[in-house]
Amino acid sequence: MGLTVIICTFIFIVLALLIFTNIKVVPQSKAYVIERLGTYHVTWQTGLHLKVPFIDRIAKKVSLKEQVVDFKPQPVITKDNVTMHIDTVVFFQITDPKLYCYGVEHPLSAIENLSATTLRNIIGDLELDSTLTSRDTINAKIRVILDEATDPWGIKVNRVELKNIIPPREIQDAMEKQMKAERERREAILRAEGEKQSRILVAEGHKESKILEAEAEKQSAILKAEAVKEAKIREAEGEAEAIAKVQAAQADAIKLLNEADANEAVLRIKALEAFAKAADGQATKIIIPSEIQGLAGLAEGVMASVKSK
């Protein structure tokens, strides 16, 4: 009885351990490929699963996350016979664990070799300058070709990037000299443009200065002419006013003579005064009226009378 209990207990423990060890939990972003008796049976997705002991086995644990593989530099030859080394980075994701497990023996090695041969074919149709400036085009072509080729393997290629393009040392030296010459040429062009702009600005400044000076001289001449004109106007107005005052004085004198009822002798004396003023001028000929000749005789008579007295 005791031996039977021990045997049953042992069997129970073995069965419990066997069942416990065959309970599997598939984590997130993982997939298990299950084989039964050496053939593909099922693919376990995320969750709890029970494996049949001694019959089922986990053939492969596959990660469904996007993976990145950096392949070592590959020697390639361009269309113009320049040998360079290019290393690629491939971003891929396993979409079918069954095809990934049974499609190809070494998937990563297959992708590496396929990317190398594809890269050589694409670069062989391009020249050196095109290769250095067409990274996006090359990346897109390689991705399309790799994606089509790896589809039967349950792999999807999302992106392909050319990490480094390393030309030969002499090509690098030539490119550096070319870049230096290009920078010097641009510098010379920029310097010449700067000097040109500077000269243009200086010339425009001189032009503006001359225009402003001419405008200033014009305004000054206008102001001077207006000042001279104003002075002449004032002088003319003064002379006119003086003439008017003289004429008014003469008119007043005549008016006073008329009011004083001057006799003929007084008028003749006034005539003599006017004749004396006329004689003081620069006239070369003087016409003496007859009345003045009579006055002269009268003046002699008066003088004789004064002397006798």
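This is a predicted model: local features need pLDDT of at least 70, side-chain atom pairs count only at pLDDT 80 or more; totals for chains, interfaces and linings use all residues.
The chain contains eight helices and nine strands. Of its 309 residues, 20% count as buried. Contacts were also sorted by separation in sequence. Among those between residues at least 6 apart, 61% join residues at least 24 apart.

Helix 3 covers residues 107-123 and has 17 residues. From its first C-alpha to its last, helix 3 reaches 24 Å. That span is close to the 24 Å expected at 1.5 Å a residue. The buried residues of helix 3 are P107, A110, I111, L114, S115, A116, T118, L119, I122 and I123. In an α-helix there are 3.6 residues a turn, so residues three or four places apart point the same way. The buried residues of helix 3 pack against both strands and helices. The strands are strand 7 (74-77), strand 8 (83-94) and strand 9 (155-166). The helices are helix 2 (97-102), helix 4 (128-133) and helix 5 (135-150).

V76 lies in strand 7. The relative accessible area of V76 is 1%, under the 20% cut-off, so V76 is buried. Leaving aside neighbours within four places in sequence, V76 is in contact with V82, T83, M84, I86, L119, R120 and I123. Of these, L119 and I123 are among the buried residues of helix 3. V76 and I123 are 47 residues apart in sequence, yet their C-alpha atoms are 6.9 Å apart in space.

N139 belongs to helix 5. N139 is also buried, with a relative accessible area of 8%. Not counting residues up to four places away in sequence, N139 touches V160, E161 and L162.

P168 sits in the loop between strand 9 and helix 6. Beyond residues up to four places away in sequence, P168 touches V82 and T83. P168 and H85 are 83 residues apart in sequence. In space, they are 8.4 Å apart, C-alpha to C-alpha.

Aromatic rings were examined next. A pair of aromatic rings is described by the distance of the centres and the angle of the planes. The count comes to one aromatic pair. Y40 and Y102 form this pair, with 6.0 Å centre to centre and 80° between the planes. The angle is over 60 degrees, so the pair counts as edge-to-face. Y40 lies in strand 3 (residues 39-44) and Y102 in helix 2, so the pair ties together parts that are 62 residues apart in sequence. Y40 is partly exposed, at a relative accessible area of 31%. Y102 is partly exposed too, at 39%. Another ring takes part in a contact with a charge. The charged end of R159 sits over the ring of F91, 5.4 Å from the ring's centre.

Two loop residues have a positive phi. In L37, phi is near 55°, a positive value in a residue other than glycine. L37 lies in the loop between strand 2 (30-36) and strand 3. L37 is exposed, with a relative accessible area of 67%. In N81, phi is near 60°, again a positive value in a residue other than glycine. The loop between strand 7 and strand 8 holds N81. N81 counts as exposed, at 66% relative accessibility.

Finally, spaces in the structure were examined. The largest pocket holds about 170 Å³ of space. D129, L132, T133, M175, Q178 and M179 line this pocket. Helix 4 and helix 6 (169-260) are the elements that give two or more residues to the lining. The structure also holds one cavity of 30 Å³ or more. About 30 Å³ of space lies in the largest cavity. This cavity is lined by F71, K72, Q74, I86, D87, T88, E112, S115 and A116. Strand 8 and helix 3 each supply at least two residues of the cavity lining. Two of the lining residues, S115 and A116, are also listed among the buried residues of helix 3.

Conventions
Residues are numbered from 1 along each chain as its sequence is written. Side-chain values use heavy atoms; hydrogens and water are left out. Helices (H or I, at least four residues) and strands (E, at least two) are DSSP runs, numbered from the N terminus. The expected span of a helix is 1.5 Å times one less than its number of residues. Buried means under 20% relative accessible area, exposed over 50%, partly exposed in between (1.4 Å probe, protein chains only). Contact means heavy atoms within 4.5 Å. Rings of Phe, Tyr and Trp (its six-membered ring) pair if their centres lie within 6.5 Å; planes under 30 degrees apart count as stacked, over 60 as edge-to-face and the rest as tilted. A charge sits over a ring if NZ of Lys or CZ of Arg is within 6 Å of the ring centre and within 35 degrees of the ring normal. On a 1 Å grid over the protein atoms alone, a cavity is a set of points where a 1.4 Å probe fits but cannot get out, and a pocket is an open set with protein on both sides within 12 Å along at least five of seven lines; lining residues have an atom within 4 Å of a point. Grid points are joined across faces, edges and corners, and a volume is the space filled by probe spheres set on the points.
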